[in-house]
Amino acid sequence: SISGHKSPVLDWMENIFLGIYVLECFLNLVAAGWVAVKDPWFQFDFSLVFLGISYEWCIRHFTDSGARFINQILVLRTLRLLRMLRAMRMLPVFQTGWQLTYGLL
């Protein structure tokens, strides 16, 4: 929602991207087998996808819009930005920035 108003376009886009992430997790399991489950990045991706599914496709339909606990959990969805950063580290343009960021950790 933008400034308190629900946007059907944003909801639609959220579901499309969530579907892509679900497909990515499934294809990762098919390609790597159960070995992928031991990978920390896969566990991170899977937990974010699970959080997204649990809210968008389940919890949101059973709670009112003012549920504080759910809204606090949804702050964790911003962690999806880390997925983008992980993908960007592969690009040569961002390697120096990634090394600087990794050095800070």
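Let's start with Q43, which lies in helix α2 (helices are DSSP runs of H or I, at least four residues, and strands are runs of E, at least two, numbered from the N terminus). Q43 is partly exposed, at a relative accessible area of 43%; buried means under 20%, exposed over 50%, and partly exposed in between, with a 1.4 Å probe and protein chains only. Go from Q43 to C25 and you cover 18 residues in sequence, but 9.7 Å in space, C-alpha to C-alpha.

Keep in mind that this is a predicted model, where local features need pLDDT of at least 70, side-chain atom pairs count only at 80 or more, and totals for chains, interfaces and linings use all residues. Numbering starts from 1 along each chain as its sequence is written, and side-chain values use heavy atoms, without hydrogens and water.

Zooming out, the protein chain has five helices and zero strands. Of its 105 residues, 19% count as buried.

Now for a helix pair. Helix α1 (residues 8–32) and helix α2 (residues 40–58) pack at about 140°, their axes 10 Å apart; axes are lines fitted to C-alpha atoms over the stretch in contact, with angles from 0 to 180 degrees between N-to-C directions. That makes α1 oblique to α2, because under 35 degrees counts as roughly parallel, over 145 as roughly antiparallel, 65 to 115 as roughly perpendicular, and the rest as oblique.

Helix α1 (residues 8–32) is also where I20 sits. I20 is partly exposed, with a relative accessible area of 45%.
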